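Please consult the sequence and the structure shown below while reading.

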Amino acid sequence: MKPLVFIAEDEETLRDLIVLNLELEGYEVKSVTNGKDAINLLNHIQPDLIILDVMLPHLSGFDVCKQYRIKNSKTPVLFLTAKASASDRVNGLKLGADDYLTKPFNLEELLLRVKKLIQRTSGNDTLNTSHYEFADYLINFNTYEIYQGQKKLYDLSKRESKLLRLLTEKANQVVSREEILDKVWGEEAYPTSRTIDNFILAFRKYFKDNPRSPRYFHSIRGIGYKFTPHKQV
């Protein structure tokens with residue numbers, strides 16, 4: 001089966017050129033001209049790569065990426081843009097983009113980046129997934145956000161995101177304080193147990209977890225901490 005590439009680009013000549021060359025490279029291609037149509041079509045297809053122009057009509061490429069990342073964190077996203085500023089690039093990457101190409105660009109470079117992005121995500125990379133779902137919550141590690149259904153509840157700090165990723169990767173296992181220090185704080189000044197406890201208390205608030213009878217986030221006295229996505233019987 002041919003890899004499917006989805007492209008949203010409102011500049012007709014450029015879009016047709018990209019589509020033609022992608023098809024010549026052996027890809028199946030679907031394209032739209034505005035952000036609204038991009039969201040509608042992405043609700044019905046599962047592409048192997050998404051290419052988004054930033055300055056799309058109706059809905060920007062940034063907005064399309066942000067909405068798409070709420071429910072899909074694995075499909076790589078490549079931005080095409082006339083904006084070359086560092087702030088725009090950083091903003092795109094924060095929203096969950098995997099790559100960023102500034103117009104005008106070399107067509108061969110685009111095709112090479114497409115090939116590498118698809119190859120990179122075709123293997124199994126479960127430990128580096130950028131989102132986690134449990135109960136009716138979704139944690140987006142790319143955008144540092146917590147959702148309940150379609151509603152955004154909280155923005156996470158970078159360290160909160162790192163600790164949540166560690167706990168969710170080891171769901172139902174006790175994670176020692178030493179492992180948390182090593183993987184979340186690294187070689188920086190080590191926190192006290194009280195500091196980590198405060199992070200756990202914050203998580204209980206974010207996920208409406210009863211502090212007196214926790215369902216999801218547990219402190220294991222003298223050992224570490226445990227995340228249980230399903231209620232323990």
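In which helix is Gly 92 found? Gly 92 is found in α4, the helix of residues 86–94. The model is a predicted one.

## Gly 92 and its surroundings

With a relative accessibility of 0%, Gly 92 counts as buried, because buried means under 20%. When neighbours within four places in sequence are left aside, the residues in contact with Gly 92 are Phe 62, Phe 79, Ala 97 and Tyr 100. Lys 66 is 26 residues away from Gly 92 in sequence, yet the two C-alpha atoms are 9.2 Å apart in space.

## Overall composition

The protein chain has eight helices and 12 strands. Of its 233 residues, 46% count as buried. Among contacts with a separation of 6 or more, 55% come from residues 24 or more positions apart.

## Nonpolar cores

The largest nonpolar core has 28 residues, and those with the most contacts inside it are Leu 167, Ile 180, Phe 203, Phe 207 and Phe 217. At least two residues of this core come from each of β6 (131–134), β7 (137–140), α6 (158–169), α7 (177–185), α8 (193–206) and β12 (224–227). Helix α8 gives the most, with six residues. Apart from this core lies another, of 22 residues, including Leu 52, Cys 65, Tyr 68 and Phe 79. In soluble globular proteins, nonpolar side chains tend to be buried together.

Phe 203 touches Glu 160, Leu 163, Leu 164, Leu 167 and Phe 217, not counting residues up to four places away in sequence. Phe 203 is also one of the buried residues of α8, a set that comprises Ile 196, Phe 199, Ile 200, Ala 202, Phe 203, Arg 204 and Tyr 206.

## Helix geometry

Helix α8 has 14 residues and, at 1.5 Å a residue, should span 20 Å; its end C-alpha atoms are 20 Å apart, so expectation and model agree. Lys 208, which follows α8, has a positive phi near 50°.

Gly 26 follows α1 and has a positive phi, near 100°.

## The second largest pocket

The volume of the second largest pocket is about 210 Å³. Its lining consists of Ile 39, Leu 42, Asn 43, Ile 45, Gln 46, Gln 67, Tyr 68, Ile 70, Lys 71, Asn 72 and Gln 150. By class, five of these residues are nonpolar, five are polar and one is charged.

The greatest share comes from α3, with four residues.

## Backbone features in loops

A cis peptide bond joins Lys 103 and Pro 104, with omega about -10°. Pro 104 is found in the loop between β5 (99–102) and α5 (107–122).

Ala 135, in the loop between β6 and β7, has a positive phi near 50° although it is not glycine. Its relative accessible area of 57% means that Ala 135 is exposed, as the cut-off is over 50%. Asn 172, in the loop between α6 and β10 (174–176), likewise has a positive phi, of about 70°, without being a glycine. At 44% relative accessibility, Asn 172 counts as partly exposed.

Terms used
Residues are numbered from 1 along each chain as its sequence is written. This is a predicted model: local features need pLDDT of at least 70, side-chain atom pairs count only at pLDDT 80 or more; totals for chains, interfaces and linings use all residues. Side-chain values use heavy atoms; hydrogens and water are left out. A nonpolar core is a set of buried Ala, Val, Leu, Ile, Met, Phe, Trp, Tyr and Cys residues joined through side-chain atoms within 4.5 Å. Buried means under 20% relative accessible area, exposed over 50%, partly exposed in between (1.4 Å probe, protein chains only). Contact means heavy atoms within 4.5 Å. On a 1 Å grid over the protein atoms alone, a cavity is a set of points where a 1.4 Å probe fits but cannot get out, and a pocket is an open set with protein on both sides within 12 Å along at least five of seven lines; lining residues have an atom within 4 Å of a point. Grid points are joined across faces, edges and corners, and a volume is the space filled by probe spheres set on the points. Ala, Val, Leu, Ile, Met, Phe, Trp, Tyr, Cys and Pro count as nonpolar, Asp, Glu, Lys and Arg as charged, and the others, Gly among them, as polar. The expected span of a helix is 1.5 Å times one less than its number of residues.
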